[in-house]
Amino acid sequence: MKSKNIIYPSLLFTLIIIIWELSVRISNVPNYILPSPTKLTSFFLTYISGELLINAWVTLQEIFIGTFFGIILGVFLGYLIVKIKLIERLLMPLILIIQIAPKISLAPLFILWFGLGIQSKIALVILVVSFPIMVNQYTAFKQIDIRYIELLKILKASKFQKFISLELPFAFSAIISGIKVSVTQAITAAVIGEMMGAKSGLGYLLTYGNEMYDINIILSSVITLSIIGLVLYYMATYIEKKVLYWR
């Protein structure tokens, strides 16, 4: 079954590449509109050893740092909102408004506040990542069976013991699932921030390639982002399976 999950997509991908190559050659599509896979691969392999790799590293830094602090912020806010009703009433409407707002509309604000460097992109990633973590943790805490809580009260468990023995196990599964969703959203947030204003990064290369009418740069950046997204997704899935082995 696992081999089929690899073989079938590989065959489909190979078929798409063959059709793409033949279509470009037969119809004589100009390279500046759509290069053939062979020419794009040649450009990609040359480009990745220099500028593409440098800019990919910048984007990866934004993703990893932003995701790390986004997880911490999401867990912290989720716990506060569950435990303190006043904070829930005050913060939840504000958080929802911020999350509903399109991220592309918030990117210029972050660039204005934090500049064109990676700080503004990290801030945007933190904002995007923290919300799924917070919501998942909040939902997990609300789903705890009241009978477990009552049992701990009878046993006179302290708040710390209640957190370690009951709340953390319930929330941990939800947090891990939230991280899996957040990783892919972090890539989108970083690229949006870079496209709106940056000195480096894959989003910057996408904008630069568009301004220079260089489709090779654009497609190489898209391919690199796809590879990064795929790797991070499978990393998150692998960690989820190892950590939540009982599921």
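Asn-28 is placed in the loop between α1 and α2; helices here are DSSP runs of H or I of at least four residues, strands are runs of E of at least two, and both are numbered from the N terminus. The model is a predicted one, in which local features need pLDDT of at least 70 and side-chain atom pairs count only at pLDDT 80 or more, while totals for chains, interfaces and linings use all residues. Residues are numbered from 1 along each chain as its sequence is written, and side-chain values use heavy atoms, with hydrogens and water left out.

The phi angle of Asn-28 is near 55 degrees, a positive value in a residue other than glycine. Asn-28 counts as exposed because its relative accessibility is 63% (exposed means over 50% relative accessible area, buried under 20%, and partly exposed in between, with a 1.4 Å probe and protein chains only). A positive phi of about 55 degrees is also found at Tyr-213, which is not a glycine. Tyr-213 sits in the loop between α9 (202-211) and α10, and it is exposed because its relative accessible area is 72%. Most residues other than glycine have a negative phi.

Glu-21 belongs to helix α1, which covers residues 2-27. With a relative accessibility of 10%, Glu-21 counts as buried. A polar atom of the Glu-21 side chain lies 3.2 Å from the backbone nitrogen of Thr-38. This pair falls under the definition of a polar contact (N or O atoms within 3.5 Å; within protein, one atom must be able to donate a hydrogen and the other to accept it, and residues adjacent in sequence count only if both atoms are side-chain atoms). When residues up to four places away in sequence are not counted, Glu-21 touches Ser-36, Pro-37 and Thr-38, where contact means heavy atoms within 4.5 Å.

Helix α6 comprises 25 residues (118-142); at 1.5 Å a residue it should span 36 Å, which agrees with the 36 Å between its end C-alpha atoms. The expected span is taken as 1.5 Å times one less than the number of residues. Of the 25 residues of α6, 18 are buried, and the helix is mostly covered. Gln-137 is found in α6 and counts as buried, because its relative accessibility is 2%. Its contacts, not counting residues up to four places away in sequence, are Gly-74, Val-75, Gly-78, Tyr-79, Ala-171, Ala-174 and Ile-175. Between Gln-137 and Ser-173, which are 36 residues apart in sequence, the C-alpha to C-alpha distance is 8.8 Å.

Ala-107 is located in helix α5, residues 103-114, and at 2% relative accessibility it counts as buried. The C-alpha atoms of Ala-107 and Met-212 are separated by 23 Å, with the two residues 105 apart along the chain.

Pockets were located on a 1 Å grid over the protein atoms alone: a pocket is an open set of points with protein on both sides within 12 Å along at least five of seven lines, and lining residues have an atom within 4 Å of a point. The largest pocket has a volume of about 350 Å³, volume being the space filled by probe spheres set on the grid points, which are joined across faces, edges and corners. Its lining consists of 14 residues, and Phe-13, Ile-17, Trp-20, Leu-40 and Ile-223 lie nearest the centre. At least two lining residues come from each of α1, α2 (37-48) and α10 (215-243), and α10 gives the most, with 6. The lining of the largest pocket has 12 nonpolar, 2 polar and no charged residues (Ala, Val, Leu, Ile, Met, Phe, Trp, Tyr, Cys and Pro count as nonpolar, Asp, Glu, Lys and Arg as charged, and the others, Gly among them, as polar).

The second largest pocket has a volume of about 270 Å³. Its lining includes Ile-63, Phe-64, Ile-176, Leu-232 and Met-235. Two or more residues of this lining are given by each of α3 (51-83), α8 (159-196) and α10; α3 gives the most, with 5 residues. By class, 11 of the residues lining the second largest pocket are nonpolar, 1 is polar and none is charged.

Thr-224 also lies in helix α10. Thr-224 is buried, its relative accessible area being 8%. Residues up to four places away in sequence being left out, Thr-224 touches Phe-44, Leu-52, Ala-56 and Leu-202.

Technical notes:
1 Å grid on protein atoms, 1.4 Å probe; cavity = no way out; pocket = protein on both sides within 12 Å on 5 of 7 lines; lining within 4 Å.
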